[in-house]
Amino acid sequence: MNLKTAWVWSKKPHWDKYYRPETLDEALAILERLWEGAKVIAGGTDLLAQIRKKEQEVEALVDITRIPGLDKIRMEGELIRIGALVTHREISQSPLIRGKALALAEGAGWVGSPQIRNMGTVGGNIVSGQPGADATIPLLALGASVKVVSRLGERTIPLTAFFTGPGKTVLDITSEILTEISFPALRGNEASATLRLAKRKALALPILTASVVVSVDGEKKRFDHVRIALGPVAPVPFRASDAEGVLASAPISDELIRKAAQRAAEESNPRSNPLRGSETYRRDMVAVLVERGISKGLDRLEVKHG
Amino acid sequence: MAKEKIVIEVNGEKRVLDVDPDCLLVDLLREDLGLTGTKIGCREGECGACSVILNGKIVASCLVPAIKADGGKVTTIEGLGKNGELDPLQKAFVEQGAVQCGFCTPAMLLSARHLLDQNPQPSLAEIKTGISGVLCRCTGYVKIIQAIQSIAKGN
């Protein structure tokens with residue numbers, strides 16, 4: 001092994017202090033005291049790799065995984081509430097999520113590998129703010145909001161207003177902690193699906209992830225509404241609202257689905273990238289996956305369409 | 001940096017250790033405990049060579065701060081066999097020729113053990129998913145999968 005290889009191989013992430021608060025108040029107090037030097041760690045699967053590559057500099061880590069009550073999935077009235085510390089594995093295997101938000105179980109099941117899904121959390125997936133976050137994209141399609149707590153109180157932010165750029169969100173990481181994600185459980189006339197294109201079937205970042213929620217009227221002849229979320233084909237994961245508008249309350253037909261899928265491609269803003277392909281290719285794939293996603297949603301509702 | 005005291009059970013043995021705040025589980029195992037069966041490939045969760053079973057779940061130990069494992073139970077490849085006997089999976093890997101250079105083997109075995117503990121009769125697709133977090137750069141996947149299939153329940 002030459003010296004350079006040895007150096008890269010042995011490079012370890014560094015921080016000076018590791019806090020393990022037992023309550024949310026304690027965690028928030030530590031953040032307030034340390035301000036910019038501290039970073040919250042949950043599963044750590046993104047953060048530790050970033051610290052190692054010096055994309056993040058930290059003096060202290062504040063591990064929130066010992067705080068009770070943030071690791072539950074539950075249904076409350078019409079809402080599904082997911083604690084920020086629930087792991088991708090727990091989401092992908094949850095009967096409640098599989099039954100009432102299948103697109104999310106599918107998306108979480110694509111994250112990394114079993115090793116990553118066992119540690120990585122849904123809260124972390126959102127807070128990392130990556131445009132291709134596989135659990136975040138279905139949550140956008142499901143119309144999710146996040147609860148964020150600080151010493152001053154709490155606020156609820158719709159995911160559509162959460163992301164501001166690659167790796168950037170409206171969360172003030174010096175004073176706030178994301179604690180919960182909530183969204184309406186799908187009803188009988190609604191179905192969802194997440195489709196994904198990547199170089200391999202495991203351990204590969206997505207070229208494209210597309211999530212759709214489809215709802216139809218009582219006679220299964222017309223769409224009620226359709227929600228389409230896409231990434232990473234813009235600086236942030238986003239809803240293809242023009243395409244959604246094409247389908248809202250319209251009669252179900254394959255021609256219209258193709259038209260909406262084309263509109264989603266036009267709304268996307270991918271760049272040519274050596275890992276993910278050319279701009280044209282990526283745009284074309286948006287149309288393909290959106291079309292398939294809507295069809296899959298309709299199939300899951302046993303709606304015939306032609 | 002002030003060291004912190006942690007207690008972890010490694011392969012059934014309780015250990016009390018003083019660790020640096022930024023010590024990672026993989027380095028604790030290899031450097032402090034001499035358990036070098038756990039390998040280091042990429043140090044960023046991509047290759048899976050550092051996989052161990054932590055509290056019943058397969059994890060990449062390069063992404064786990066040692067302090068996070070405080071109070072937990074860790075199984076490494078050194079703890080897979082019992083009473084001087086190889087685990088049936090290890091025997092199957094030997095019999096099926098599922099080892100080439102050997103670098104990924106500990107992680108493959110632990111991934112497979114974790115899979116079979118949760119799902120004693122996995123399908124081919126489930127086996128592939130189960131070991132998908134570990135890369136074999138000899139590309140010897142076929143033999144590895146055959147070895148796992150050979151001891152899956154029903155065979």
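Author: In this predicted model, chain A has a radius of gyration of 20 Å, which agrees with the value near 19 Å that a compact globule of 306 residues would have. Along the principal axes, the C-alpha atoms of chain A fill a box of roughly 60 × 50 × 30 Å. Buried residues account for 49% of the 306 residues in chain A. Of the contacts in chain A that link residues at least 6 apart in sequence, 65% join residues at least 24 apart. The secondary structure of chain A consists of 12 helices and 14 strands.

The part in question is an open sheet of four strands in chain A, ordered β11-β12-β13-β14 with antiparallel pairing. Its edge strands are β11 (190-198) and β14 (238-239) of chain A, each of which pairs on one side only. Nine bridges join β11(A) to β12 (residues 206-216) of chain A in the antiparallel sense, and A:L195 stands opposite A:A210 in β12(A). Helix α12 (residues 279-300) of chain A lies across β11, β12 and β13 (223-231) of chain A and runs at about 35° to β12(A).

As for the contact between the chains, 23 residues of chain A are in contact with 23 residues of chain B. On the side of chain A that touches chain B, β1 (17-19), α3 (47-52) and α7 (114-119) of chain A each supply at least two residues. The most comes from α7(A), with five residues. By type, the residues of this side of chain A divide into 10 nonpolar, six polar and seven charged.

Conventions:
Residues are numbered from 1 along each chain as its sequence is written. Chains are lettered from A and ligands numbered from 1 in the order in which they are written. This is a predicted model: local features need pLDDT of at least 70, side-chain atom pairs count only at pLDDT 80 or more; totals for chains, interfaces and linings use all residues. Two residues are in contact if their C-beta atoms, placed from the backbone, lie within 7 Å. Ala, Val, Leu, Ile, Met, Phe, Trp, Tyr, Cys and Pro count as nonpolar, Asp, Glu, Lys and Arg as charged, and the others, Gly among them, as polar. Two strands pair if DSSP finds at least two bridges between them. Axes are lines fitted to C-alpha atoms, for helices over the stretch in contact, and angles run from 0 to 180 degrees between N-to-C directions. The radius of gyration is taken over C-alpha atoms; the globule rule is 2.2 Å times the number of residues to the power 0.38. A residue is buried if 20 or more other C-beta atoms lie within 10 Å of its own, exposed if 12 or fewer, and partly exposed in between; C-beta atoms are placed from the backbone.
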